[in-house]
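Please examine the model shown below, beginning with the chain as a whole and then turning to its salt bridges and backbone geometry.

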Amino acid sequence: VLVVHAVWALVVGQVRYSVPEEAKAGTVVGRLSQDLGLEAGEAESRRLRLVPQGRRASVEVSGASGALVVSSRLDREELCGKDAPCALRLEVLLERPLRVFHVELEVTDINDNAPVFPAAQKNLSIAEFTTLPGSRFPLESASDADVGSNAQLSYTLSPSEHFGLDFQKTEVFGESLFLVLTKALDRETVPEHRLLLTASDGGRPSLSGTMELVISVLDVNDNAPQFNQSVYKVQLPEDSEPGSLVLRLEAEDPDTGIYGEVIYKIDSVVPPSASDVFSIDAKRGEIRLKEMLDFETVSFYHLNIRAEDKGISPLSGHCKVVVEVVDVNDNAPEVRVTSLSVPVSEDAAVGTVVALLSVSDRDSGANGRVRCLLWPASPFGLVSTFAGSYSLVLREALDRERVSEYEVEVRAEDGGSPALRASRVVRVPVSDVNDNAPSFAQAVYTVLARENNAAGAELARLWARDPDEAGNGRVSYSLSEGGGGGAVSGGGWRPASSYVSFEVRAVDAGEPPLWGNATVQLFVVDENDNAPSLLLAAGGGAGAGAGGVLSGEGSSFLEPGSLWAWASWGAPAGQVVAKIRAVDADSGYNAWLRYELLEPRGKGAFRVGLYSGEVSTTRALEEADGPRQRLVIVVRDHGEPPLSVTATLSVSLVEGSETVQASAGSSSSSVWSGAAVAAGAAGGVGVSEWATNVWLVVAICAVSSVFVLALLLYVGSRCWPRSAVLSGAGPTTLVCASEVGSWSYSQRQSRSLCVSDGAGKSDLMVFSPNFPPPPPPVPAGKETQPETPALLDT
């Protein structure tokens, strides 16, 4: 039976115990942990405890055994008064996991209170003869603080031939005790009677209390005032104002004169503490209210009214007035938080209990019925566990980054008209979990950097935003594995070609950590830090216009003053004598070259192409021009400021046949042009000489073929793509310049320098990529400010 009782208590969620009042401290009320289904030792490890209810509970949970024991004096009369049964509702909290059990503890009564009369002595005046046998005189009954059989009273009167007792008990009017005259009095025989009234309760053993009745026998006046009814019942709202009329009484006395004049008095009031609540007009019998009523304190008042005449031996009549206090809705509900488990993790499961609430209203009936709701709409809900008790539970998933703290207002409203309300605000902070990865404002960042910047120079600052807090939102930066390398915030160093495109990784400090990536595209902006260099094909020579030869010292790059060529007298205007070739390691405008004739100034016999570098005649050459012309040519780029190199070209003026001989005597790397051969033949060479010249031309053609092949290989090696300095989506720009100064653009995906030895009228030059547009501005309110930005260094 005990096992079935325990299982049933767990199923309904409530355990019931009983304990007698005045039990000693340490008395075991019940094995709570066993009745709740806990194993040995679980009560202490899982923190089984009572939830405070606002008043001393007098019982506690033993931490070691989990038993419910008496902790202090239990007085049923103090706890419950006359209410029976005396049941205490206790809430037991099991913290791990959080569960609430309801324990009902009944405190049983023991007979520890004796009956008590309102006064130790009662004085009565009874007229002789005129007071007939059977007359009844109301007496104040005794009261007993106990309940049940311990409070069931019986009365006895000391032996007397003139008096007896009449005790009546009804559900409507309660107890009524009367002293009954059984035999007419004779004042001359016994002027005063002293009787002892004893009240005994039904306890075992029985307790009793006494009151002495002092009865004075009066003479003459033989008619007492009489009320038209013995009991009056009145209903009075509890919000009645002081001075309100309760009831008007009227008692009749058939006597005349002063013996028929009635005076009204309040003999007693139950409860005795309410003696000052009512007043009565002695002449008119009007009962009025003196103080405010409180239904929650006293709901019924019993007034014993006496009507007394003015005779020498005044006679009196008695009645009882029962005042029922009608409840009004004058108490607002009360909301208390009995337990609060905060903060709540943002990944808490739906159904998690956040707080325990207790709701009560001191009013009765509909005025005391309370309903609760939450405001505003929130991810929480109320669950009613039993009458007056609620649990605040999680209904939806939380997101700390959206709402970091909730203010939940619990609103209680009773059923009165008009309804009264009360509220309680519960603050529920939300704790963070690492559920947000760092994110950059852009997926791709474009960075422009000038060449020749110092090591460690800042290239750009990147920020990643992480809305989490503390370590979950603290971001550190690094280059992700497999990226282009380079240095971020003082990292290791790598070649500049590896900086073209790489990824920056932002990692937070959460467990486990989350990360985000952004791609950085780096464009190196060229500076004009390279001067033009003169270029000559390997072999040390190059053919010139009409019989001229451009020759060097056998190296690809010539020093100023080391160039020379031949030109024949009589060459027409516009005849190409030589071609100056130069390259610039820069790109764009910094590598766009122009050729100018520095000396001689004015009107000379030669000019140089502005962009082609071809040296040609401005007019027909004459003997007056002398045997040799010295030309100083400067080659400049278009940088700011421009850089330049100067070349000195010596042009020897000879006869046509001498030009051929001079060319034949040059090194095997020199080249004769077809025009020189034609000029030599026109000079009057003989047949044998002509045969010799044929073999010479064949030899020169063979040597020229070798030279052209070498030149093509050289140009090919120069045009072959070098290691990429910049890769990515940004195109490079190639500019083709002509003799007349026109130029055009073409798009390539490489930044390698390419110089062509093709046609004499145009050269191919390389320009740097167009600058990409700057990144768009960040809209207002969207700025991200992480704790530490990523610093990109060269």
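A contact is counted when heavy atoms lie within 4.5 Å. Among contacts in the chain between residues at least 6 apart in sequence, 67% join residues at least 24 apart. The model is a predicted one, in which local features need pLDDT of at least 70, side-chain atom pairs count only at pLDDT 80 or more, and totals for chains, interfaces and linings use all residues. Residues are numbered from 1 along each chain as its sequence is written, and side-chain values use heavy atoms, with hydrogens and water left out.

Of its 794 residues, 44% count as buried, where buried means under 20% relative accessible area, exposed over 50%, and partly exposed in between, with a 1.4 Å probe and protein chains only. The chain exposes about 40,100 Å², of which carbon and sulfur atoms supply 53%; accessible areas come from the Shrake-Rupley method with a 1.4 Å probe, and for residues only the protein chains shown count as cover.

Confidence is expressed as pLDDT, the predictor's confidence in each residue on a scale from 0 to 100. The average over the chain is 77, and 76% of the residues score at least 70. Over residues 537–561 the pLDDT stays under 50, and the model has 93 contacts beyond four places in sequence for this stretch. Residues 659–691 also have pLDDT below 50, with 46 contacts in the model beyond near neighbours in sequence.

The next topic is the charged side chains. A search of the whole structure finds 28 salt bridges, each defined as a side-chain nitrogen of Lys or Arg within 4 Å of a carboxyl oxygen of Asp or Glu. One of them pairs Arg16 with Glu104, the closest N and O atoms being 3.6 Å apart. This pair links distant parts of the chain, since Arg16 belongs to strand β1 (residues 14–20) and Glu104 to strand β7 (residues 99–108), 88 residues apart. Arg16 counts as partly exposed because its relative accessibility is 45%.

Lys579 and Glu614 form another salt bridge, at 3.9 Å from N to O. Lys579 lies in strand β44 (residues 576–579) and Glu614 in strand β48 (residues 614–617), so the pair ties together parts that are 35 residues apart in sequence. Both Lys579 and Glu614 are buried.

Arg400 forms a salt bridge with Glu401, with 3.2 Å between the closest N and O atoms. Arg400 counts as buried because its relative accessibility is 10%, whereas Glu401, at 23%, counts as partly exposed. A network of salt bridges links Lys265, Asp267, Arg306 and Glu308.

The backbone also deserves attention. Most residues other than glycine have a negative phi, and most peptide bonds are trans. The peptide bond from Val342 to Pro343 is cis, with omega near -5°, and Pro343 is found in the loop between β24 (334–340) and β25 (344–345). Glu511 and Pro512 are likewise joined by a cis peptide bond, with omega about -5°; Pro512 lies in the loop between β38 (501–508) and β39 (515–525).

Asn452, which is not a glycine, has a positive phi of about 65°. Asn452 is in the loop between β33 (444–450) and β34 (458–462) and is exposed, with a relative accessible area of 53%.

Technical notes
Helices (H or I, at least four residues) and strands (E, at least two) are DSSP runs, numbered from the N terminus.
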